Amino acid sequence: MENMFCFQCQETAGCKGCTRVGVCGKTAHTAGLQDVLIYATKGLSEVTTKLRALGKEIAEEVNHLVTENLFITITNANFDDEKITKQIADTLECKKALLEALGDGNGLSDAAVWYATENFEQKMPQASVLATEHEDIRSLRELIVYGLKGMAAYNKHANALGKAQEDIDAFLQEALAKTLDDSLDAEALIALTMQTGKYGVDVMALLDGANTSAYGNPQITKVNIGVRNNPGILVSGHDLHDLEMLLKQTEGTGVDVYTHSEMLPAHYYPAFQKYEHFVGNYGNAWWQQKEEFEAFQGPILLTTNCLVPPLESYKERIYTTGAVGFTGCKHIDGSFGQEKDFSAIIAHAKQCPPPKELETGEIIGGFAHNQVLALADKIVDAVKSGAIKKFVVMAGCDGRSPKRNYYTDFAKALPNDAVILTAGCAKYKYNKLDLGDIQGIPRVLDAGQCNDSYSLAVIALKLKEVFGLEDINELPIIYNIAWYEQKAVIVLLALLYLGVKNIHLGPTLPAFLSPNVAKVLVENFGIAGIGTVEEDMAQFFGA
């Protein structure tokens, strides 16, 4: 008998679904609690949507609760059953109060009216993904929910910097509620999927504005990948506000701060470059953290998803915050807009030896849309002269699968007149290769985190305008994207909404796409998988 069912990430077992334990490391019980949390959040969202329809305002705290609940269930974010259970209880209490304000509960779903104070496990079968029996309806509902999880991640980061849009929160909750609605057929859910992509663009624009208004526009930056002889704190994840607070609190303490994985692009922001103790980037993509966290020797702060269940040898050096949690690891509290107290991790760092050196040298990045558009004339001239013949968008995620070495080999095989546009931790497959430049333009243009994928859309739209094209698909751009988790899903839906076609996804297509839903994406948008490097070079370049 199956104890769980989860197929939301690329590494799901057998490209079908994890049924005993998650490849990510979560137990069946944790997976079940996460299902119940999503079920309760859908119910809460149904109530908030009804209240909005009656002209009632929804409190900011409720919007934040929905956003945090979704973020907690993203792959590799939270493995702490106690925290997830508390979120379920808080959600049910919040919903209970709003139901009283609504007054009339007629026509509401079970998820909207369900209330309990304990034994949440009893709801697991009803909350399971498999509770939706029709394969295509289940596929579309999950595609939407995973897109909304990605939206929530970006929304949370914007909210942390004091930026929010009521229409984004309202849509997120309305769309969650609609995944409970059995009257919606496949055609209606496909329309909702595209609408999710529209709001995906909006939330990425919101986050881009929040980051740049707080920290300045990213600029071309050489980032040190070596170490110094001071104790250090290693910061992973995506939350720039957490990093800012830590940098302020470590100033003058003798403790250095390093980034890991998706936090690398923080070095591109002018506001962070003023901190002399902000040393550089340590290591590589998230999935290598067991070896790299061991070698770092000091404490590690996890600000968002991408936590691998830690080894006992360094578990006591792991600190989590925000939506992240792991049973037995120390958690630093602080909700939206609150100043967090990092004194405990700073004191811990002072007792630790400096990090072991993994490598030396520098890597270059900072090619977000503002910086690339500043180089627009140079880039356009290179395209017109034929020096640059193709741009290849290789954004997305990295992961453990050896199949992902395809992206390293693909980058090495690219013609010398091709330029890579990237964002996300997929870059670690090729950002330390010496691919050179074209007329001073680096052949790997790193826009930043997966959160910064909006930059790639802005760059493409600007190039379309500069070249006077009618269709974004007329640009000399190839999309060969690696995906892993739900933030990649919202990026994909955003690109589809913008009209981008012929996107290649790898190393496998999502397991949550039923054959019929996959067929719709193939026929309407040209979505495809990857082949061998040789096959794909021939397809893309005619080589």
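In this predicted model, the count of aromatic pairs comes to 20. One of them joins Y215 and Y269, whose ring centres are 6.1 Å apart and whose planes stand at 75 degrees, so the pair is edge-to-face; the angle qualifies because planes over 60 degrees apart are given that name. Y215 belongs to helix α8 (residues 186–215), whereas Y269 sits in the loop between β3 (256–259) and β4 (278–281), so the pair ties together parts that are 54 residues apart in sequence. Both partners, Y215 and Y269, are buried.

Aromatic residues also gather in a group, for F5, F7, Y146, W483 and F512 form one aromatic cluster.

As a general background, nonpolar side chains in soluble globular proteins tend to be buried together. In this model the largest nonpolar core has 105 residues, and the members that touch the most others are M151, F391 and I503. Helix α6 gives the largest share of this core, namely 11 residues. If neighbours within four places in sequence are left aside, F391 is in contact with I379, V383, V419, L421, L463, P476, I477 and I478. Apart from this core lies another one, of 23 residues, and Y215, L243, L247 and M263 are among its members.

**A lysine in helix α6**

Is K156 buried or exposed? K156, which lies in helix α6 (residues 135–160), has a relative accessible area of 10% and is therefore buried, since that word applies under 20%. Its side chain makes a polar contact with the side chain of D239, at 2.6 Å. Setting aside sequence neighbours within four places, K156 is in contact with D239 and also with T67, F71 and F336.

**Helix α17**

Helix α17 covers residues 486–497, and its 12 residues, at 1.5 Å a residue, should span 16 Å; the C-alpha atoms at its ends are 17 Å apart, which agrees. The expected figure comes out as it does because the span is taken as 1.5 Å times one less than the number of residues.

How much of α17 is buried? Of its 12 residues, 11 are buried, so the helix is largely enclosed by the rest of the structure. The buried residues include K487 as well as Q486, and also A488, V489, I490, V491 and L492. What do the buried residues of α17 pack against? They pack against the helices α6, α8, α16 (453–466) and α18 (515–525), and against the strands β14 (477–482) and β15 (503–506). After α17 comes G499, which has a positive phi, near 95 degrees.

**Backbone features in loops**

| Residue | Phi | Relative accessibility |
|---|---|---|
| N119 | near 55 degrees | 46%, partly exposed |
| C306 | about 100 degrees | 10%, buried |

For N119, the positive phi occurs in a residue other than glycine, and the residue is placed in the loop between α4 (110–113) and α5 (124–127). At 46% relative accessibility N119 counts as partly exposed, because that class lies between the 20% limit for buried and the 50% limit for exposed. C306 likewise has a positive phi although it is not a glycine, and its place is in the loop between β5 (300–302) and α11 (312–315).

A further backbone feature is the peptide bond from G506 to P507, which is cis, with omega near 5 degrees; P507 is located in the loop between β15 and α18.

**Q289 and its surroundings**

Q289 lies in helix α10 (residues 289–296), and with a relative accessible area of 1% it is buried. The side chain of Q289 reaches the backbone nitrogen of V308 at 2.9 Å.

Key:
Residues numbered from 1 in each chain as written. Predicted model: local features only at pLDDT ≥ 70, side-chain atom pairs only at ≥ 80, totals over all residues. Heavy atoms only, no water. Helix = DSSP H or I, 4+ residues; strand = E, 2+ residues; numbered from the N terminus. Buried < 20%, exposed > 50% of the residue type's maximum accessible area, 1.4 Å probe, protein only. Polar contact = N/O pair within 3.5 Å; in protein donor to acceptor, adjacent residues only side chain to side chain. Contact = heavy atoms within 4.5 Å. Phe/Tyr/Trp six-rings, centres within 6.5 Å; stacked < 30°, edge-to-face > 60°. Core = buried A, V, L, I, M, F, W, Y, C linked by side-chain atoms within 4.5 Å.
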